[in-house]
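This briefing goes through one structure for a reader who wants the cut-offs beside the values. Please keep the sequence and the coordinates open while reading.

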Amino acid sequence: MSVPEHVAIILDGNGRWAKAKGLPRTAGHTAGAKNVEVVAEAAYNMGVKYLTLYAFSTENWNRPEEEVKALMTLLESYLKNCLKTAKKNNMRIRVIGDISRLEPSLQDKIIKLEEESTNYTGLNLTIAINYGSRDEMVRGMKRLYEDIADGKITKDDITEQTFGKYLDTWDLPDPDLMIRTSGEQRLSNYLLWQLAYAEFYFTPVPWPDFHESELREAIEAYENRDRRYGKV
């Protein structure tokens, strides 16, 4: 199997999964959080080196207040447990997005998790929290402007590679495969710069039901495509 080095996934369908079972939306988010470890382990066993998951977008703040609170509580609980999971699985964790809007306790857990897992050599798991690609690029351009103003670089130094270093994913390879669960076929402001040459795979399976067999099916579909990297 020709396995993609980097897989990015939009975790969609938690609420619809819960509704179909007559459960509150929060139950779907809880089930989705539990599924992260399942898919991460499956991806690593298949040979994937980098896995990036869209957990909470900048637009998700517009959801009902109670749902947002429940999501934040769930994220904090997940990140706390993730310390043990990362150590057990030798898994490096990164978080991308603007974490400054998050509660200080959640920011502290993110920093601790990144620091304690930095030397782990297994799967590189990146979690996008309060992430939006347009916001990421605006933040990156502001830092680029500051470096130009400080004389660290000049206008002529700016290339695609240079700009990429100002993005949240500066130390990650671009994704080879993007998967979105639950049937929607749009990017929803996710990794717009980084997905320029990625293959897209859309599945009707909601995220809580997306397990090893579904991941393998997505990778097999990727394997069967003609990867020409921008050539006509």
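The largest pocket is lined by 29 residues, and those nearest its centre are L11, Y54, A55, N60 and R63. The structure is a predicted model, in which local features need pLDDT of at least 70 and side-chain atom pairs count only at pLDDT 80 or more, while totals for chains, interfaces and linings use all residues. Residues are numbered from 1 along each chain as its sequence is written, and side-chain values use heavy atoms, with hydrogens and water left out.

**Largest pocket**

- On a 1 Å grid over the protein atoms alone, a pocket is an open set of points where a 1.4 Å probe fits, with protein on both sides within 12 Å along at least five of seven lines, whereas a cavity is a set from which the probe cannot get out; lining residues have an atom within 4 Å of a point.
- The largest pocket holds about 690 Å³ of space, a volume being the space filled by probe spheres set on grid points that are joined across faces, edges and corners.
- Its lining divides into 14 nonpolar, 8 polar and 7 charged residues, where Ala, Val, Leu, Ile, Met, Phe, Trp, Tyr, Cys and Pro count as nonpolar, Asp, Glu, Lys and Arg as charged, and the others, Gly among them, as polar.
- At least two lining residues come from each of α1 (14–20), α2 (25–46), β2 (50–57) and α3 (65–89), with helices (H or I, at least four residues) and strands (E, at least two) taken as DSSP runs numbered from the N terminus.

**Salt bridges**

- The structure holds 16 salt bridges, each being a side-chain nitrogen of Lys or Arg within 4 Å of a carboxyl oxygen of Asp or Glu.
- R63, one of the residues nearest the pocket centre, forms a salt bridge with E67, the closest N and O atoms being 3.1 Å apart.
- In this pair R63 is partly exposed at 29% relative accessible area and E67 is buried at 9%, where buried means under 20%, exposed over 50% and partly exposed in between (1.4 Å probe, protein chains only).
- D171 and R94 meet through their side chains in a salt bridge of 3.1 Å, N to O; because D171 lies in the loop between α6 (160–164) and β5 (177–180) and R94 in strand β3 (residues 92–96), the pair ties together parts that are 77 residues apart in sequence.
- D171 is partly exposed at 27% relative accessibility, while R94 is buried at 10%.
- Within helix α7 (residues 212–223), E212 and R216 lie 4 residues apart, about one turn of the helix, and their salt bridge has its closest N and O atoms 3.5 Å apart.
- E212 counts as partly exposed at 41% relative accessibility, and R216 also counts as partly exposed, at 32%.
- Through shared partners, salt bridges join D12, R16, R180, E184 and R186 into one network.

**Sheet**

- Six strands form an open sheet in the order β3-β4-β2-β1-β5-β6, with parallel pairing, two strands being paired if DSSP finds at least two bridges between them.
- The edge strands, β3 and β6 (199–202), each pair on one side only.
- Strand β1 (residues 6–10) runs parallel to β5 and is joined to it by 4 bridges, and A8 stands opposite M178 in β5.

**An exposed loop position**

- T121 lies in the loop between α4 (104–117) and β4 (124–131) and counts as exposed at 65% relative accessibility.
- The C-alpha atoms of T121 and D150 are separated by 36 Å, the two residues being 29 residues apart along the chain.
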